[in-house]
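Here is my note on the model, as numbered points. Please read it with the structure open.

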Amino acid sequence: MSSQRLGVLAIYLSQSKLEELAYFQKLSKEGKKIGVQVEVFTPDDVESDNSVRTLTYDAGARKWIRRRTSLPPVIYDRCRYKAVANYRVLKAFRNRHAKLTFLSRPLANKWSMHQLLSDNEDIRPYLPATQRFSSVQELVKALKKHKLIYAKPKNGTGGRGILRIEQLGSDLYLLQGRNQQRTIIAPYRATEKQLLVKLNSLKLSPDYVVQQGIKLTLKDGRVHDYRLLIQKNGQGEWEVTGCAGRIGPHRSITSNLHGGGSAVSQNKLLSYRFSSPDKIDSIKKEMTSFAHTLAGFLETKFGKLCELGLDIAVDPSGRVWLLEVNPKPSREVFRKIGESATYQKAVTRPLEYALWMMKQKKKKTEETNMA
């Protein structure tokens, strides 16, 4: 069986180290089983004549082999825009090679995404109230209204730079958070006056958004949420691959696994909070239905997408909330909870969707030639 080529667009963490290399290795092994050759490269690996130095994994030798070749016709973009410079480089690559088939498109930042989703009446009820940061005084106004708020960088990932502020009493507030290195900031109890001084010292910029907080604290004081993964399958249709719970470490305001969070099954976490099986079933169905609504809507705005990771909150009443949308989700949460079949599916679905896309492209070319 001749292999179809799938390019995986990646980014260097340092001069030679690639992000997600362990995932790309797994992707390569699974690709070989179904006739897809995975070729990893970064925009820096593309030469002026459009040849490219790709990495392919040799399972027999257990190492990556670099080869000079032509650009693969179909691209799976796994670059995470952790810096503006990265975003510019990747945008330039996409613009220069617009004729290539990309499995997905970049999405908007947190603020633009909130504005976009707010226009859809089926999605709006799932969104926490969100506003762009304008001043510390406006932030405190939002805090007094909602009693709990989060301040997040609009382009942040992995919990970097997020603050959680809660009103505990008439003149008592609690500030917690993580800095840009994801390190937990020590909890700070303060009066309103002290809080204003502290917030001013943090020098928050207009690149922050202020979001209504949802009560996510468990009995032991740790926060939790859910990561739902929805992906295109081998028929080009959206399907929920799985959903898992995430619990943050003590004193953390986020549940991200990168920030030290732990993973539990969706059923276990829901059962810990809700005793009625009917209630749990209803919440699970609503999560799945909402994921399909959201994925379908985002495709009408951004074009074809391959997969989405939804960070979902369920408040104490059982109401479902959307915290964030991630177009380049990790799938490690399923491996960590021992759902190996779900993890396997999460890895192979982008490959199966890529194969389907290749077939569609071939069919279209044949029809054009016959016309």
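1. First, a term. Buried means under 20% relative accessible area, exposed means over 50%, and partly exposed lies in between, with a 1.4 Å probe and protein chains only. A295 has 0% relative accessibility, so A295 counts as buried.

2. Ground rules. This is a predicted model, in which local features need pLDDT of at least 70, side-chain atom pairs count only at pLDDT 80 or more, and totals for chains, interfaces and linings use all residues. Residues are numbered from 1 along each chain as its sequence is written, and side-chain values use heavy atoms, with hydrogens and water left out.

3. Overall dimensions. Along the principal axes, the C-alpha atoms fill a box of roughly 70 × 50 × 45 Å.

4. Burial and surface. Of the 371 residues, 51% count as buried. The protein chain exposes about 18,000 Å², and carbon and sulfur atoms supply 49% of that area. Areas come from the Shrake-Rupley method with a 1.4 Å probe; for residues, only the protein chains shown count as cover.

5. Charge. There are 64 positive and 35 negative side chains, and the centres of the two sets lie 4 Å apart. Lys and Arg count as positive, Asp and Glu as negative; His and the chain ends are not counted. Each charge is placed at NZ of Lys, CZ of Arg, CG of Asp or CD of Glu.

6. Secondary structure. The protein chain has 9 helices and 17 strands. These are DSSP runs numbered from the N terminus: helices are H or I with at least four residues, strands are E with at least two.

7. Strand β1. Which strands pair with β1 in the parallel sense? Strand β2 (residues 36-41) pairs with β1 (residues 4-9) over 6 bridges. Strand β5 (residues 74-77) pairs with β1 over 4 bridges. Pairing requires at least two DSSP bridges between the strands. G7 has E39 of β2 as its bridge partner, while V8 stands opposite Y76 in β5.

8. Among contacts in the protein chain with a separation of 6 or more, 63% join residues 24 or more positions apart. Contact means heavy atoms within 4.5 Å.

9. Back to A295. This residue sits in helix α7 (residues 277-302). Beyond neighbours within four places in sequence, A295 is in contact with I230, W238 and L308. V325 is 30 residues from A295 in sequence, with the C-alpha atoms 9.8 Å apart.

10. Helix α3. Is α3 largely enclosed or left open? Of its 9 residues, 7 are buried, so α3 is largely enclosed by the rest of the structure. The buried residues are K110, W111, M113, H114, L116, L117 and S118. They pack against β7 (130-132), β8 (148-153), β12 (208-212), α7 and β17 (320-326).

11. Two loop residues. S104 lies in the loop between β6 (101-102) and α3 (110-118). At 7% relative accessibility, S104 counts as buried. S104 touches R94, K304, L305 and C306, leaving out residues up to four places away in sequence. I337 lies in the loop between α8 (332-336) and α9 (340-370). With the same exclusion of residues up to four places away, I337 touches A244, A263, V264 and S265.
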